[in-house]
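Please read it alongside the sequence and the coordinates.

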Amino acid sequence: MESAFRRGAREGLRDFLPISVGLLPWAMVTGIAMRSIGLTELESLGMNLLVYAGTAQLGALPLIAAGAPLWLIMLTALALNLRFVIFSAAIAPVFHDSTFARRLASSYLLVDGVFAVGVDKLLKADDPHWRWGYYIAPSAFNWCVWQSCTALGIFGAEFVPRDWSLEFMVTIALMVMVLPMVRTRPMLVAALAGGLGAVLLRGLPLRLGVVAGIALGIAAGFAAEHWQQRGRRS
């Protein structure tokens with residue numbers, strides 16, 4: 001009889017595979033972007049292993065290239081990854097009976113796509129072996145695809161024409177993963193406010209428009225949720 005771990009792993013991979021297609025161009029663009037600001041192959045591979053967060057990497061690279069202060073680079077990366085604090089809090093009950101080492105590895109491997117497609121099933125599942133298989137299999141697969149495709153971008157950057165504008169591919173890949181998470185009106189308000197804010201404020205110095213857009217999105221989401229709850233009580 002097939003073990004619960006294998007059943008969970010197979011189901012997790014089956015759920016995750018449709019959205020994993022967006023990883024390929026995103027990872028390659030990230031690899032090319034790291035080389036374009038002057039990082040060596042070794043530095044790019046090291047950053048990719050340590051950071052393992054495409055949005056934060058792409059957000060920090062222009063600041064590194066512009067010689068921005070370290071505190072601003074750290075603040076931007078933290079702001080762009082702020083959502084993982086919420087993701088971690090939401091998914092924490094899944095790992096309440098796991099060892100510290102397993103929880104540590106899970107936190108490093110947590111990505112948007114796995115959270116978006118699997119959080120509901122993980123929270124409802126009773127079997128810890130099934131839950132572990134369902135989480136770790138697509139997470140490990142995502143890590144392998146990301147590292148491999150980023151390496152292709154790093155070592156193939158010199159063969160890509162400079163006039164090819166590939167940044168839009170990252171936006172498309174992010175939208176594929178973000179849209180399934182927009183399930184309520186406050187989420188929609190937060191996404192629209194954050195996106196519009198970042199676009200309208202893109203002229204701020206040192207790319208602070210991104211940080212401002214995140215703050216606007218969070219504030220708009222909280223306000224929308226507050227008004228929604230007050231409307232239900234009245």
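The second largest pocket holds about 220 Å³ of space. The structure is a predicted model, in which local features need pLDDT of at least 70, side-chain atom pairs count only at pLDDT 80 or more, and totals for chains, interfaces and linings use all residues. Residues are numbered from 1 along each chain as its sequence is written, and side-chain values use heavy atoms, with hydrogens and water left out.

**Second largest pocket**

- A pocket is an open set of points on a 1 Å grid over the protein atoms alone, with protein on both sides within 12 Å along at least five of seven lines; its lining residues have an atom within 4 Å of a point.
- Grid points are joined across faces, edges and corners, and a volume is the space filled by probe spheres set on the points.
- The lining of this pocket consists of V51, Y52, A53, N81, F84, S88, S107, Y108 and L110.
- Helix 6 and helix 7 (100-109) are the elements that give two or more residues to this lining; helices are DSSP runs of H or I with at least four residues, numbered from the N terminus.
- By class, the lining has six nonpolar, three polar and no charged residues; Ala, Val, Leu, Ile, Met, Phe, Trp, Tyr, Cys and Pro count as nonpolar, Asp, Glu, Lys and Arg as charged, and the others, Gly among them, as polar.

- Y52 is placed in the loop between helix 3 (41-51) and helix 4.
- Y52 counts as buried because its relative accessibility is 7%; buried means under 20% relative accessible area, exposed over 50%, and partly exposed in between, with a 1.4 Å probe and protein chains only.
- Phi of Y52 is near 45°, a positive value in a residue other than glycine.
- Most residues other than glycine have a negative phi.

**Largest cavity**

- One cavity of 30 Å³ or more is counted, a cavity being a set of grid points where a 1.4 Å probe fits but cannot get out.
- The largest cavity has a volume of about 160 Å³.
- Its lining has 16 residues, of which W26, G54, V111, D112 and N142 lie nearest the centre of the cavity.
- Two or more lining residues come from each of helix 2 (23-36), helix 4 (54-66), helix 6 (83-91), helix 8 (112-124) and helix 9 (128-156).
- Nine nonpolar, five polar and two charged residues make up the lining of the largest cavity.

**Nonpolar cores**

- A nonpolar core is a set of buried Ala, Val, Leu, Ile, Met, Phe, Trp, Tyr and Cys residues joined through side-chain atoms within 4.5 Å.
- The largest nonpolar core has 30 residues, and I91, F115 and Y135 have the most contacts inside it.
- Helix 1 (4-20), helix 2, helix 6, helix 8 and helix 9 each give two or more residues to this core, and helix 9 gives the most, with eight.
- Beyond four places in sequence, I91 touches F115, L122 and Y135, contact meaning heavy atoms within 4.5 Å.
- A second, separate core of six residues includes L39, M47, L61 and I154.

- T76 is found in helix 5 (residues 70-80) and counts as buried, because its relative accessibility is 2%.
- A polar atom of the T76 side chain lies 2.8 Å from the backbone oxygen of L72.
- Leaving aside neighbours within four places in sequence, T76 is in contact with G59, L63 and V211.
- I64 lies in helix 4 and is partly exposed, with a relative accessible area of 36%.
- Not counting residues up to four places away in sequence, I64 touches I37, M47 and I73.

Terms used
Polar contact = N/O pair within 3.5 Å; in protein donor to acceptor, adjacent residues only side chain to side chain.
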